[in-house]
Amino acid sequence: MLTLAAVAIFPIAFVSYVVVRDEVRNVNRSIDFETRDAAQSAQARFTRLLDPRQLHAVAVAASPRLQAAIRRHDTASLAQLARRNRLLIEVYGRSYGRRLENAFRARAQLVSGGHEIGSVVAQLPADKATLRQLSAGAADGVQLAYSGLGTPPEADRGSTLPLAQQIGIRAYLPAAIVSHRKNAAYLRVVEAGLLALLALMLLTLVLARPLLRAFRWTEEQASEARIDALTGLANRRALEEILAAEISRAQRFAHQLAVVLLDLDRFKEINDSFGHAAGDVMLRAVSRLLTSLARQGDTVARWGGEEFVVVLPETDLAGAQRFAERLRRTIEAHAVGEMKTSASCGVATMLPEDSVEELLGAADQALYQAKSNGRNRTESAIRGPRPAAA
């Protein structure tokens, strides 16, 4: 028995090392997802907070009362309008209303005789109250801070997205929480290793065949964990591993690499009109279309919900744009019974020092631009070389 235990320690130790490495990698990826989701949610909430103010500024700019006050050079009326509407009015080089020091601004132009004479400015203060609204719904432990208005607290991992010119939002996990999660992963692996060693010592002598079947089952489960159950495509976890390998290969051999991030437009309307089962049928149909159009060596994955990602090795920006447009036109022309949909595509190509998150983030920004520009279109991330490190 002692000999068996001594022999069993080596494979258990090796498996424990592999599992520890994967567990820590999964913890890091989980943190990256949580912080990026929090930053993206804050970015969306910011838009919902600023847009109504901008629309109000546009309405005030077009109001007859403001136009009349400008023609009469009635400074008292201009100041009263600015104060009542909580706006900043800038006309002929003068300002009326309170200018906030740290604020996000959206402008509505004032035009007279074909020339710009000023603007009506909506302001959203970049203060703690606004930050609390942007933080609503963030995952437990994730904190947010403005970037560009000071140095956010240091953290092991975090994500920063732009909100306005020179101001962004940073979502991060404090270093203590990151350390706690990693320690918990180590503890789980140690406990699993000890239990595995004990089980191996008890079962190897009398249950060799059932043990082998259990190992095969574990391998099958690990394989299934990388496949999306609904569409049969690679899932988010598998995509990240594949994309990391493709980035490493492209960097090693100086090859080009592109990704297409695709989102079905107004997919909720299909679920609302035909039911979620019909929506699942549409997702499977789109998955088959993407797979049929992909080349050998391309990777098609379901990113989540109605979003898909296609990884295109050795493909430049022009080739990726053509491929994305072919996907978009095919989806638009394809009907599933009475259901039809369209797609918005974001295209990005790899920069020399890109990570998985940076490349997918560039494609995500291009997709956001496609959505903002009216949907059912393809937009590309225009990326210059990254500045050299100091």
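## About the model

The model is predicted, so local features need pLDDT of at least 70 and side-chain atom pairs count only at pLDDT 80 or more, while totals for chains, interfaces and linings use all residues. Residues are numbered from 1 along each chain as its sequence is written, and side-chain values use heavy atoms, with hydrogens and water left out.

## The protein as a whole

The protein has eleven helices and 14 strands; helices (H or I, at least four residues) and strands (E, at least two) are DSSP runs, numbered from the N terminus. Of its 390 residues, 41% are buried, where buried means under 20% relative accessible area, exposed over 50% and partly exposed in between, with a 1.4 Å probe and protein chains only.

The accessible surface is about 21,800 Å², and carbon and sulfur atoms hold 55% of that area (Shrake-Rupley method, 1.4 Å probe; for residues, only the protein chains shown count as cover). Among contacts (heavy atoms within 4.5 Å) with a separation of 6 or more, 64% are between residues 24 or more positions apart.

## A sheet of four strands

Next comes an open, antiparallel sheet whose four strands follow the order β2-β1-β4-β3; two strands pair if DSSP finds at least two bridges between them. Because β2 (94–96) and β3 (103–112) stand at the edges with a single partner strand each, one side of each has no neighbour in the sheet. From one strand to the next, the twist averages 20°.

Strands β3 and β4 (residues 115–125) run antiparallel and are joined by ten bridges. What encloses β4? Eight of its eleven residues are buried, so β4 is largely enclosed by the rest of the structure.

Helix α2 (residues 64–72) touches β1 (88–91), β3 and β4, and its direction makes about 65° with that of β3. Helix α3 (residues 75–85) touches β1 and β2, with about 50° between its direction and that of β2. Axes are lines fitted to C-alpha atoms, for helices over the stretch in contact, and angles run from 0 to 180 degrees between N-to-C directions.

## Where α8 meets α9

Helix α8 (residues 267–274) and helix α9 (residues 276–293) have axes that come within 7 Å and cross at roughly 135°. The two helices are therefore oblique to each other: angles under 35 degrees count as roughly parallel, over 145 as roughly antiparallel, 65 to 115 as roughly perpendicular and the rest as oblique. On the α8 side, the contact is made by Phe267, Ile270, Asn271 and Phe274, and on the α9 side by His276, Ala278, Gly279, Met282 and Leu283.

Phenylalanine 267, in helix α8, is buried, with a relative accessible area of 6%. Leaving aside neighbours within four places in sequence, phenylalanine 267 is in contact with Gly279, Met282, Leu283 and Glu306. Phenylalanine 267 and glycine 279 are twelve residues apart in sequence and 7.7 Å apart in space, C-alpha to C-alpha.
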